[in-house]
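Let's take a friendly walk through a protein model together. Have the picture open beside you, and look for each residue as we come to it.

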Amino acid sequence: MAWSGLNFRRGTSYAGGLVAIGVIYFALAKAGLALASLHPSATPIWPPTGVALAAVLLWGYRTWPAIFAAAVIANAMTAGSVATAIAIATGNSLEAVVGAYLINRWSSGCNTFSTPNSVAKFALICFVIATPISASIGLTSLATAGYIERTNFANAWVTWWLGDVTGALVIAPVIVLWASSHFHAFNRNDFLETVGVLATAAAVGLIAFSPLIEQTPSRDPLGFLAILPMLWAALRRGPRDTATVALVLSGITIWGTLTGGGPFTTADLNASFLLVLMFLISITVPSLLLSADVEVRKKGEKRLRRAQIELERKVAERTQELELANAAKSRFLAMASHDLRQPLHALGLFIAQLRTPLRSGERTRTIELVDATRKEMDEMFNSLLDMSRLDAGILTPKLTEFPIARLLQKIETTFDQATLAKGLRLRVRRSDSWVRSDAMLLERILFNLVSNAVRYTLRGGIIVGCRRRGEMLRIEVWDSGPGIPEDQKQNIFGEFFQLAAPERYRYGGLGLGLAIVDRLRLLLNHQIDLASTVGRGSRFAILVPMADECVTSTEPVDSPHPVAFAVEGRVILVIADAPIVQEGTGGLLGKWGYSVLTAGSDEAALIQLAERQQRPDLIISDYHLASGKTGIRAIEQINAAFGSSIPAILISGDTAPEPLRDAKDRGYVLLHKPVDPMRLRAVMQELFMDHDDRRDTGPAL
C-alpha cells in the first residue's frame, strides 16, 4: 500500500508538471504568434523555444509530450491544418530534445553557463543545430500543404529561425540559472546590488527603447546604453543576473518596437523585429561569455584563497611541530649531556683505578665494571640507531610463526640479574602459545618495555605474562613503578621524552625507548594498550596475532666457535683517518691472529698493498674519511685496483639515515660505533664463511 501510494504521488506530480509546462508553452506560443506579420505561423518573437529547451534540460526528456501537445493546439488554432500543426509540433519538440541532448553531451548540461567554453558551445548548438530543425520541418510542411508561397519561403525561414534562436538564447538561460541556483543565507548587500542592476536595466530600457519618450534621431544612440547594465551584471553579479538583465531589456525593446518607439522601428514590423533580434543576440551572447569568464576567475580566486588559508594553516602547524621538535631536541641535548657523561665519568674513574696497584680480584671487578659501563653507553647509542633505521625506512618486517615461550625465556634470562641488583622481583609467566610476527622486532619491543619498567621501578616488581583474546595473544608487562599521569600517556611515546621522577633511576636513558616501541608496533601493525595509576604502577600490553603450533626442531643450533675458523694467513686492511682507531682495531685483530694493514685513506692503502703485493682478504673501513670521502669510495677503489670484489665491513658513528641506505644499496655490512668486539668477530667470520662457500661452489675451470 505504501509503495502504491508513493507511485500515485509520483504519477500525480509528473502529470501536474507536464500540465504546467504545457500551459506556459501554450500561452507564450499564442502571444508570439499574435506578433506574426510575414506569415501567421512564422513569428520573429518565439519565447516557447527557450521554455521548452529549459524544461528538457531541467526535468528531462520526459517533458516532450507537454511541449508537443501545447504546440499542436497552439498551431492548430492559428493557421494550416491539423497535419501541419502536428508537423510543426514535431519540429518544436525535436528542437528542444535534440538541443538538450547535445548540450548535456557536449556542454555540461545545466552547468553550460559556468564557463566561456560551454557558453560558446551552447550558443553554437542553438544557432546551427537545434533551431534550424523547427524552422525547416515547420515551413516544409506548410509549403507542402500549400499554406505558404515558395517565393516567401526564405524570408519566413529566416524569421522563424531567428525567433527560435533568440528565444533559446534569452529565455532558456534565465529559467535554467534561476532553477539551478543554490540559495544561501540572505545577504543584504547582494540583494540590493541585484535590485540595483535590474532597476538600472529597466531605466535604460525605458529611456532608450520605450514609446514613452518621443523617438528622434538624437535618441537613437541611446540604445548603446544597454551595454552598461549588461557589463555591470557580467562583471559583478554572475551569469544568472546577466541573463535576467538581458530578459528585462528584451521585454522593453520588443514592447517599444511593437508600439512604434525605439531605434529599431521601421515601416515593416517584421523587419523591425528582426533588427531587435540581432540586437538582443549581439548583447546577450557576449555578456554571457564575459560573465562566465568572470565567474571562472572568481572561483579560481576563491580556490587560491582557500589554498592560501590551508597553506598558512599547514605552515602554522609545521612551525608548531618544529618548535616542539626543537624543544624535544633541547631536552635531548640536556639529557644526553648528563646521561652520556655519566658513564664517561665512570670510565675515567675505573681507568684511574686500573693504573693503581690492585689485587687480582679488584682488577677483575674493575674490568667488569668498565665492560658494564661500555654496555650502558652502547644501549644509548643503539636507541639512536634504532630511530635512524626507522626514519630511513630500511626496516622490513619478516613475519614468521614462532613460540612465544622462547622470547619469554630470553626476557627472564636477560633481566634477572638487573632486577636482583635493584632488589626487585621479576616474574615471567610461561605460555605455550605461538604467534605470527617478526621475532627480532617483537623482541625489541618487549625488551624496551621491560627495560623501561626496570629503570623506573624502585620497589616491588615486574610481571610479564600472556592472555588469550580470541585470535590474538595479549602480552602484558606490569610494574609497580611511579605510574604515568593521565595527561602524559600520549607524550611518553614521543621522542626524547622522559617523565620527571622524584627519585632518579639507576641507569640513564635518552627518552627513546617508548618512541621505538610505538614506531615498531606500527611497522608490525600490532596494537598497544596502556593502563596506569599514579603511585601504583603501569601496565603495557601489546596484541599479537596467534598462530597454529608448528612442529620444529627444539635443538639449539650451535654457532661456530671462533677457533673453528682459520685466521692464519688472512690479511685484514683497516682504513680509518683517526690514528687511535687504527691502533685499537689493528691491535685487537692482531691479538686474534690476523695479519693487519692500517691506513688513513684509500690512496695510502693502495700504496701499502702495492708494496706488499698482496690482496687483502677483508676490508674494514670507517664510513666517513678525511676530505669528505667515504669508506664506500675507498672500498670500490681497492676493488677496482684488484679487479675483484673483496669482503668489506663499514663502521660509522653517524646514525643518520644516509649511511644506512648507502651501505644497504651496495650490499655492505654497516656496524655502528661503539662496536662490540664479539659482534665484529661474528660478522667477520660470517663474511669469511660466505666468501669461502662461494669460492668452493664456483664454476670449475
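## The chain as a whole

How many helices and how many strands are there in the chain? The chain has 20 helices and 12 strands. Please keep in mind as you look around that this is a predicted model.

The chain has 701 residues, and 43% of them count as buried.

## A buried leucine

Find helix α14, which covers residues 439–456, and look for Leu442 in it. Is Leu442 buried or exposed? Its relative accessibility is 0%, so Leu442 counts as buried.

Which residues does Leu442 touch, once we leave aside its neighbours within four places in sequence? Leu442 is in contact with Phe402, Ile404, Leu407, Val435, Ser437, Ile475, Leu524, His526 and Val544. Here is another pair to find: Leu442 and Ile542 are 100 residues apart in sequence, yet their C-alpha atoms are 9.5 Å apart in space.

## A buried threonine

Next, go to helix α12, residues 360–392, where you will find Thr366. With a relative accessible area of 4%, Thr366 is buried. Setting aside its neighbours within four places in sequence, Thr366 is in contact with Phe350, Gln353, Leu354 and Leu358.

The structure holds 22 salt bridges. One of them joins Arg236 and Glu193, whose closest N and O atoms are 2.7 Å apart. This pair links distant parts of the chain, since Arg236 sits in helix α8 (residues 227–237) and Glu193 in helix α7 (residues 188–209), 43 residues apart. The two partners can be compared by their cover: Arg236 counts as partly exposed at 49% relative accessibility, whereas Glu193 is buried with a relative accessible area of 15%.

Glu193 also forms a salt bridge with Arg237, and here the closest N and O atoms are 3.7 Å apart.

## A salt bridge within one helix

Now compare that with Glu317 and Arg313, whose side chains meet in a salt bridge with an N to O distance of 2.3 Å. What separates Glu317 and Arg313 along helix α10? They are separated by about one helical turn, because they are 4 residues apart in that helix. Glu317 is partly exposed, with a relative accessible area of 35%, and Arg313 also counts as partly exposed, at 37% relative accessibility.

Some salt bridges share partners, and in this way Asp190, Glu193, Arg236, Arg237, Arg240 and Asp241 are joined into one network. Try to pick out Glu193, Arg236 and Arg237 in that network.

## A positive patch on the surface

Where do Lys299, Lys302, Arg303, Arg305 and Arg306 gather? They come together in a patch of positive charge on the surface. One of them, Arg303, has its place in helix α10, which runs over residues 269–339. Arg303 is partly exposed, with a relative accessible area of 49%.

## Two residues with positive phi

Finally, let's look at the backbone. Which value does phi take in Ser108? Ser108 has a positive phi of about 70 degrees, although it is not a glycine. You can find Ser108 in the loop between α4 (82–106) and α5 (116–144). Ser108 is partly exposed, with a relative accessible area of 48%.

Asn525 is another residue other than glycine with a positive phi, here near 60 degrees. The place of Asn525 is in the loop between α15 (513–524) and β6 (527–533). With a relative accessible area of 70%, Asn525 is exposed.

Note on methods: Residues are numbered from 1 along each chain as its sequence is written. This is a predicted model: local features need pLDDT of at least 70, side-chain atom pairs count only at pLDDT 80 or more; totals for chains, interfaces and linings use all residues. Side-chain values use heavy atoms; hydrogens and water are left out. Patches are made of residues with over 30% relative accessible area and no salt bridge: like charges are joined within 9 Å, nonpolar side chains (Val, Leu, Ile, Met, Phe, Trp, Tyr) within 5 Å. Accessible areas come from the Shrake-Rupley method with a 1.4 Å probe; for residues, only the protein chains shown count as cover. A salt bridge is a side-chain nitrogen of Lys or Arg within 4 Å of a carboxyl oxygen of Asp or Glu. Lys and Arg count as positive and Asp and Glu as negative; His and the chain ends are not counted. The place of a charge is taken as NZ of Lys, CZ of Arg, CG of Asp or CD of Glu. Buried means under 20% relative accessible area, exposed over 50%, partly exposed in between (1.4 Å probe, protein chains only). Contact means heavy atoms within 4.5 Å.
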